[in-house]
Structure formats: structure tokens, C-alpha cells
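Please keep the sequence and the 3D view open while reading.

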Amino acid sequence: MGNNIENVHSELSRDLNLFHVVMMGLGMMIGAGVFLGIGSCIEIVGPGGLLLTFAINGMIALFTAMSYAELSSAIPRAGGAYNFARISYGRRVSFVAGWMEWFASSVAGSMYAATFALYTMKFILVTCFGLNLPPLATDIINRGVAVMAALLFIYINYRGTSETGKIGALVTLGQTTFMLLIGIGGLFVVLFHPERMANFADFMPKGWLKLPVAMGAIYVAFEGYEVIAQAGDEVKNPKINLPKAMLYSVLVVTFTYVLVAFSSIIAVNANAPDLNGQPAWAWIGSYGAEGFQAAVGRMMPFANLLLTLAVIFSSTSALNATIYSGTRASYALGRDGMLPKFFESISKRNTPFGALIVTGGIVITMAALLPVMKVAASASLLFLILFFMVNLCVIKVRRTMSDELTYGYLMPLFPFIPIFAIICQVILVMFMHEFSMMAVALGAAIVIMGFLMFQFYGKAHAKSTPDEILVFEEETEHEVSEGNKVMMAVANPANALAMVKNTYRLCERQDASVELIHMVPVPEAVTLSDSEPYKLEGKEGIIETILYLSGRFKVNTTLRYCRNIARGIVSAVREKRIDMLVMGWHGGRSKTSHFALGSTIDPIIERAACDVVIMKNCDSRPCKKILIPVAGGPNSSLALRVADMVADKDVELTVFSVVTRRMNFDPSAIISKELDNIKTPTEQITHKSVVSENVEEAILKEAENYDMMVIGATRSSHIFQASLPESIASKCDKPIIMVSARRRKIFGKRR
């Protein structure tokens with residue numbers, strides 16, 4: 001009974017359809033961003049720059065939305081960027097991503113609450129009752145109304161996702177309708193008053209370098225697609241609906257923003273007496289955050305009423321969505337143990353009420369205390385950093401995990417789209433300080449708090465997830481030396497014994513102990529606690545291998561249960577401080593173009609903190625002649641050492657290079673460098689060079705005269721195609737050993 005209770009886990013209900021999540025994304029974007037941004041940003045960049053600010057930000061948002069769409073279609077879970085970062089870069093980075101996602105959404109929520117109060121109370125107090133209260137009294141009233149609005153939508157979120165989605169959809173329909181009416185009104189104005197186009201004559205009055213300043217300050221207006229990713233646990237058919245909702249919402253909101261920005265500029269008659277000769281854009285900018293209201297108020301009858309209704313719908317819709325997003329981000333952190341258990345508490349309505357209470361407290365505090373535009377800029381900074389991380393994640397996940405994920409959407413032109421978005425986001429962050437140092441300081445403080453929270457709480461309490469390496473392992477430990485350690489990864493029992501001979505020689509020459517490991521891949525639908533039947537084949541291979549090695553070497557054996565073999569082996573290498581990893585390879589190209597040697601070997605070569613030795617077609621046949629193609633670098637040196645280790649007595653080693661117009665390497669340099677590290681007599685080592693512009697063809701032709709080839713592999717990414725060594729290895733039918741030297745650490749990072 002107790003075990004059954006332990007296996008019960010909490011989850012969210014799937015109540016949201018495509019319409020609900022599209023409306024949720026639109027509701028989060030068509031809000032305070034456009035109302036605050038038009039007046040605040042036009043003063044920085046002028047009329048043309050304002051249109052470009054929204055248009056280019058929309059393009060960057062669309063590219064990042066493609067990254068979110070691809071990742072969400074493959075990993076549809078509540079948590080959004082937090083989940084993407086955890087799978088891509090591990091717990092520390094993912095915690096900071098989730099932390100920033102939580103605070104960015106919460107800070108944005110306070111901005112929307114403040115915007116609602118600012119516009120609504122001005123309409124009620126000034127327009128309706130003609131009251132001009134002192135600034136302090138006005139500020140106190142506005143902040144009180146902002147807090148009440150936040151409390152209302154905290155309660156709505158508590159009612160559940162179905163209520164949240166339905167109410168949010170209705171509110172968003174209202175806001176979009178009013179915003180489009182304002183935009184259409186601007187088109188009618190310019191139709192009857194074409195002279196208003198002169199308002200764009202001074203297109204960029206303060207220069208183009210001000211454009212990234214304005215773009216960074218108001219980028220928060222485009223982050224609504226992020227809330228859609230948070231709904232991964234609550235959307236029907238998420239692999240299809242999440243990507244569609246993200247892309248649709250960004251396209252609609254970009255069109256709406258540009259149209260409304262155009263209309264607000266056209267709305268002002270630059271020849272009006274009260275402008276005192278100011279350009280229309282300067283007059284709008286003089287009103288700051290209220291500039292949009294001042295401009296639209298001149299455009300049509302009842303404009304202030306229409307605008308107030310638009311603000312009410314837009315700000316409350318965005319407030320609803322940001323509270324939802326921040327709650328789901330903190331719930332994901334609590335669900336995985338990185339925040340206290342209170343955050344993973346689920347109410348009877350299947351809503352994460354613990355995370356909602358804390359998120360609501362942040363929204364209320366920010367709305368009550370901080371200036372609205374500084375809050376907006378802080379949220380923009382956090383979202384820019386967060387989206388930068390997501391664009392890195394989509395590249396990492398596509399390259400290292402595409403074989404183990406099922407995608408509902410794949411972006412075109414990969415990886416150019418996320419790379420372009422990354423470059424743009426870095427530029428916008430660099431210019432953020434010109435708009436507000438307070439925003440930069442607040443954003444930096446939140447990031448630092450995230451690192452500290454992980455270090456002092458999250459690191460010790462984090463739970464393993466199905467996407468991580470293992471939950472438990474079985475080990476049969478023997479006494480091992482403190483010297484060199486060679487790990488042999490046993491995947492297929494039929495191939496394990498073929499590697500034993502060469503592994504034996506590698507260990508003998510290094511006076512090394514042996515670590516045998518078999519990763520037990522467990523299907524996603526099977527819990528790790530029920531994975532016993534999946535280990536039998538690997539256990540058989542390890543037992544047979546031990547019979548050959550245990551009489552000569554100290555052997556330690558391990559079986560690990562995992563979802564992903566590559567990540568499991570890399571983790572074992574790190575934990576056990578392995579010096580050399582030996583693996584087998586079946587040969588041939590990967591089924592997917594994203595991997596040269598396969599979805600298991602490629603990530604291991606790139607990330608393992610040890611020398612890696614990969615054997616193809618290696619058996620017990622004697623090798624009298626070994627070819628070692630070299631081109632300089634650590635892999636060439638390691639190739640010679642490994643060839644020396646596995647060589648039979650009286651073997652002939654040939655260090656070989658191909659001379660081209662771009663490369664002229666002397667193979668004797670490798671021999672001279674490694675003479676102290678090898679035992680083969682000098683007279684048995686020769687060096688040879690040939691002249692050819694086709695390096696691959698020359699090496700393959702030379703290999704026909706040898707019994708084995710030892711060649712250096714490549715640790716770099718294989719996003720586009722296989723590198724030269726991998727291509728040669730896949731085409732050569734002789735026994736081949738590929739080697740990759742460990743990377744030394746510089747300032748804590750491998751190179």
C-alpha cells in the first residue's frame with residue numbers, strides 16, 4: 001500500500017485548446033507594452049524608429065518563437081525554458097532559467113497591473129469627474145488599484161486553467177477588437193488627411209544607434225509566446241497546438257503593434273496650435289508613458305473612452321497571462337525539488353496554489369513599489385537573457401537529442417534562425433543601460449539571487465527527472481587502483497568480446513584498472529523501478545567480458561538505468577574520473593543528418609572529459625601494419641600512442657600525412673614529439689607524405705595496404721555534415737580505431 005502511495009504523483013489537467021492558448025499569448029503581448037512603449041520610445045527613436053522598433057522586435061520574437069515552438073513540440077511540459085535548459089545544460093543553468101522566467105513573468109505582471117491603474121484612473125478621475133489630484137495622491141490611488149487588479153486575477157488563476165483560459169480568451173478578444181479599431185481609425189485619418197504623412201519626415205531624428213535602446217526597453221511587449229510554453233501540461237494535443245499558437249500569436253501581435261503605432265503618429269495634427277511648433281513625435285514623447293493616450297485622444301470621437309476600454313481589456317488580459325506563466329514556472333521548480341515543497345502543492349481544482357500565492361505576492365509588491373517603465377525595462381532584460389538561453393537550447397537539443405525526441409514542429413533554416421536571434425538579443429542587452437541603469441541593476445540582482453538560491457537550496461534538493469541520466473544503479477565493485485582508469489562501454493554482447501583484445505593492451509600499457517559499464521536504456525513509458533527485464537542482455541555481455549579481463553586486471557562493473565545512453569556514459573566518466581573511454585561502433589552513417597557517428601557517440605566525443613577510443617571492425621586477427629593519418633594537434637599525438645599500445649610485436653607503424661596547397665604537415669614532428677611515450681622501436685616507425693588535393697581519397701587509398709588504421713576524431717559539432725575523420729571511418733572497411741584526446745581545462749572550461 002505504501003509503495004502504491006509513493007508512486008502517485010500530482011499533475012495538471014489538460015483543459016486548453018488551440019484557441020485558448022493563442023488568446024493567452026495575444027493577451028500577454030497586446031497589453032502595456034504598446035501603451036507604455038509608444039510614448040516612451042518615440043522620444044528616443046522618432047516616428048520611423050518607432051515603427052522599426054515594433055517591426056524588428058517582431059521579427060526577433062518570431063525567430064525565438066520558432067525555437068520555443070520546436071522545443072515545446074518535443075518537450076510539452078509545464079516549465080517552458082526551465083525544462084529546455086535542464087535537458088540541454090543540466091540543473092544549475094536550468095534553475096537560473098526557471099528563476100528568471102518566474103521573476104520576468106511576475107515583474108511583467110506588475111507592469112500590466114500598474115498600466116491598468118494608470119490609464120483607468122486617469123479616465124475616471126480626470127475625464128469623467130474633472131479631478132486633478134496632487135501627484136502623490138494620484139500615485140497612491142493608482143498603486144492601490146493596481147494591487148486590487150492583481151488580487152482579482154490571482155483569484156481567477158486559482159479557479160483553474162479552464163476558467164483562466166475562458167476568461168482570458170474573452171478578455172483578449174475584446175482587447176484585440178479595440179486595438180484593431182484604433183488601427184483602422186488611423187488608416188481612415190490618413191485617407192482623408194494625407195498631409196499627416198509628413199509626421200514621418202524626420203524619420204530617425206536621433207540616429208540609428210538609438211534603435212537598439214528602444215527595442216531593448218520595450219521587448220517585453222513581445223514575450224507572450226513564452227506563456228504558451230508554460231501550458232505544456234494543460235494543452236490538448238500539445239505537440240501540434242503549442243507550435244501553432246506561438247507562431248500565430250507573434251504574427252498577429254506584430255501586425256497589430258505596427259498598425260497601432262502608425263495610427264498614433266498619424267493621429268496628431270502637427271499644425272495644431274497647442275503643439276507650439278513641435279513635431280508630432282516630440283509632442284507625443286513629451287507625455288512619456290501616457291503619450292499613446294494623448295495621441296489617440298485627438299484621432300476620433302470618444303477616443304479616450306475607446307482607449308480606456310482597450311487598456312482595461314489589454315492590461316487585464318496580460319496580467320492574467322503573466323500570473324499564469326510565473327505560477328507555472330515556479331511550480332516546475334517546486335515539482336523538481338529546486339524550490340520548497342510548498343511550490344508543488346496542487347489544489348482541489350488542479351491548480352498549483354502554492355506557486356500562485358508566492359507569484360502573486362511578487363506581482364503585488366512590484367506594482368505597489370516600483371516605477372512602471374523601470375519595471376517594464378527590467379522585465380525586458382530578463383526576457384532577453386531567457387530567450388538567448390532558449391535559442392542556445394534549441395541548437396543543443398537538436399544536435400544531441402533529435403534521435404530520442406518526437407517533434408511536432410521543426411523550424412526551417414536551422415541553425416541560422418536561432419543564431420541570428422542570439423546575435424540580436426546580445427546587442428539589445430548591451431544597449432539596455434542607456435535606457436535605465438535601475439532596470440539593469442534589478443535584472444542583475446534577480447539573476448544573482450537565482451544562482452545563490454540554487455547553490456544553497458536547489459542543488460541539494462533537486463530531484464531526478466525522466467530526462468536525466470539515472471535514478472539508481474547496480475555495481476559490482478572490486479578493489480581498484482588509484483592509477484589510470486579505462487572504461488569499456490558494453491552495448492552489444494556480440495561485439496563486446498571483439499574489443500577485449502585491444503582494451504586489454506590499452507590497460508596493460510597504461511597499468512590501468514578496468515571499468516566495465518552497460519547503460520540500460522529504458523523506454524519512456526516504463527518507470528525505472530520496473531526496468532529489471534531490460535538489463536539482462538547487457539549483464540550477459542559484461543559477465544563474458546569479465547571472464548577475459550578479470551584474471552589480468554582489477555575490474556569494476558556497473559549497470560545503469562537511463563533514458564539517454566550518451567548522457568549516462570558522460571556522467572559515469574565524470575563521476576568515476578575515467579582517463580580513457582573505449583567504445584564500439586557499428587560503422588556507416590547515422591540515419592539522421594545531424595550526427596556523424598550516431599546520436600550516442602557524437603555527444604560522448606564532444607563532452608566526455610577523457611580520452612575517447614572508438615573501435616570499428618576490431619577483432620582478434622593480428623595486425624602487422626598500422627596506418628596513422630595525422631594533421632597535427634592532440635588527436636594526432638594520441639593516435640600514435642594508441643597505435644603503439646594495441647600493436648602486436650614487430651608491427652610496422654606508418655605515420656601518414658597528405659600535403660595540399662593549404663596544409664603541409666611533416667609527420668615526423670609527431671614521431672619526435674611522442675618518442676618518450678611509445679615503446680615501439682624507432683626502426684619500426686616510418687613516416688610518409690603524399691601530395692593530393694583530395695585528402696579523404698588519398699587516405700582511403702593508402703589504407704588498402706594496411707591491416708588497421710588509427711585516426712583522430714573530431715570533438716566539434718556535426719550540425720551540418722560529418723568531418724573528414726568520421727567520413728573516412730564510415731567508408732573504410734578495415735579495422736579502425738578513432739581517438740579523441742581529452743580537452744584541458746582553462747578557467748574551468750574544457751577546450
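In which loop is G207 found? G207 lies in the loop between α7 (161-192) and α8 (211-217). The model is predicted, and the points below are grouped by topic.

- G207 counts as partly exposed because its relative accessibility is 26%.
- I44 is 163 residues away from G207 along the chain, and the C-alpha atoms of the two are separated by 9.3 Å.

**Packing of α5 with α6**

- Helix α5 spans residues 91-128 and helix α6 spans residues 135-158. The two pack at an angle of about 125°, with their axes 8 Å apart.
- At that angle, α5 and α6 are therefore oblique to each other.
- The crossing of α5 past α6 is right-handed.
- On the α5 side, the contact is made by A113, A114, F116, A117, L118, M121 and L125. On the α6 side, I141, N142, V145, A146 and A149 take part.
- Sorted by class, this contact of α5 with α6 has 11 nonpolar residues, 1 polar residue and no charged residues.

**Packing of α24 with α25**

- The axes of helix α24 (residues 695-703) and helix α25 (residues 724-731) come within 10 Å and cross at roughly 40°.
- α24 and α25 are therefore oblique to each other.
- α24 passes α25 in a right-handed crossing.
- From α24, the residues in contact are V695, E696, I699 and L700. They meet L724, S727, I728 and K731 of α25.
- By class, the contact of α24 with α25 has 5 nonpolar, 1 polar and 2 charged residues.

- The buried residues of α4 are A81, Y82, N83, F84, A85, R86, I87 and S88.
- Just after α4 comes G90, which takes a positive phi of about 95°.

**Salt bridges**

- How many salt bridges does a search of the whole structure find? The search finds 13. Three of these are described here, with the pairs E70 and R398, D336 and R86, and R509 and D644.
- E70 and R398 meet through their side chains in a salt bridge with an N to O distance of 2.7 Å. This pair links distant parts of the chain: E70 sits in helix α3 (residues 32-74) and R398 in helix α15 (residues 372-401), 328 residues apart.
- E70 counts as buried because its relative accessibility is 0%. R398 is buried too, with a relative accessible area of 7%.
- The side chains of D336 and R86 form a salt bridge at 3.3 Å, N to O. D336 is in the loop between α13 (303-335) and α14 (353-369), while R86 is in helix α4, so the pair links parts of the chain 250 residues apart.
- D336 is buried, and R86 is as well.
- R509 and D644 meet in a salt bridge of 2.5 Å, N to O, between their side chains.
- D644 counts as buried because its relative accessibility is 2%.
- Salt bridges that share partners join R86, R335 and D336 into one network.

**The buried position N502**

- Why does N502 count as buried? N502 counts as buried because its relative accessibility is 2%, and the cut-off for buried is under 20%.
- Leaving aside residues up to four places away in sequence, N502 touches M615, C618, V646 and M708.

Technical notes:
Residues are numbered from 1 along each chain as its sequence is written. This is a predicted model: local features need pLDDT of at least 70, side-chain atom pairs count only at pLDDT 80 or more; totals for chains, interfaces and linings use all residues. Side-chain values use heavy atoms; hydrogens and water are left out. Axes are lines fitted to C-alpha atoms, for helices over the stretch in contact, and angles run from 0 to 180 degrees between N-to-C directions. Helices (H or I, at least four residues) and strands (E, at least two) are DSSP runs, numbered from the N terminus. Angles under 35 degrees count as roughly parallel, over 145 as roughly antiparallel, 65 to 115 as roughly perpendicular and the rest as oblique. A crossing is left-handed if the near helix is turned anticlockwise from the far one by less than a right angle, and right-handed if clockwise. Contact means heavy atoms within 4.5 Å. Ala, Val, Leu, Ile, Met, Phe, Trp, Tyr, Cys and Pro count as nonpolar, Asp, Glu, Lys and Arg as charged, and the others, Gly among them, as polar. Buried means under 20% relative accessible area, exposed over 50%, partly exposed in between (1.4 Å probe, protein chains only). A salt bridge is a side-chain nitrogen of Lys or Arg within 4 Å of a carboxyl oxygen of Asp or Glu.
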